[in-house]
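My plan is to look things up one by one and jot down what I find.

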Amino acid sequence: REAKLIGKLQDALERLEDGTFGYCEECGEEIPYKRLLARPVATLCIRCKNAQEAAERTRGESDQLSDY
């Protein structure tokens, strides 16, 4: 778990260097400052993160249905 966080922090530092830190990887919008304070390794804005999680839940539900 710690190694995964270190990797995410290194990725965030790279984004700082290349000027993409603070911008959503999905839609390109600026990630709100409060979100970055709470989660500096965030790569998605709240809207895109919620959409990603909804898609994951949908996939999980369809996977469960295929087990029957």
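Before anything else, I need a definition: a salt bridge is a side-chain nitrogen of Lys or Arg within 4 Å of a carboxyl oxygen of Asp or Glu. I'm also noting that this is a predicted model, where local features need pLDDT of at least 70, side-chain atom pairs count only at pLDDT 80 or more, and totals for chains, interfaces and linings use all residues. Residues are numbered from 1 along each chain as its sequence is written, and side-chain values use heavy atoms, with hydrogens and water left out.

**Entry: confidence.** I checked pLDDT, the predictor's confidence in each residue, from 0 to 100. The protein's mean is 91, and 90% of its residues reach 70 or more. Helix α2 (residues 33-38) has the highest confidence at 96, and helix α3 (residues 46-66) the lowest, at a mean of 85. Helices here are DSSP runs (H or I, at least four residues), numbered from the N terminus.

**Entry: helix α1.** Just after α1, I found glycine 19 with a positive phi of about 85°.

Entry: Which side chain of opposite charge is nearest to arginine 35? I found glutamate 53, 6.9 Å away, so by the cut-off above there is no salt bridge. Lys and Arg count as positive, Asp and Glu as negative; His and the chain ends are not counted.

**Entry: the core.** I looked for the largest nonpolar core and got 7 residues: Cys24, Ile31, Leu36, Ala42, Leu44, Cys45 and Cys48. Such a core is a set of buried Ala, Val, Leu, Ile, Met, Phe, Trp, Tyr and Cys residues joined through side-chain atoms within 4.5 Å.

**Entry: surface check.** Tyrosine 33 is exposed, with a relative accessible area of 60%. Isoleucine 46 counts as partly exposed, at 43%.

How values were computed. Helices (H or I, at least four residues) and strands (E, at least two) are DSSP runs, numbered from the N terminus. Buried means under 20% relative accessible area, exposed over 50%, partly exposed in between (1.4 Å probe, protein chains only).
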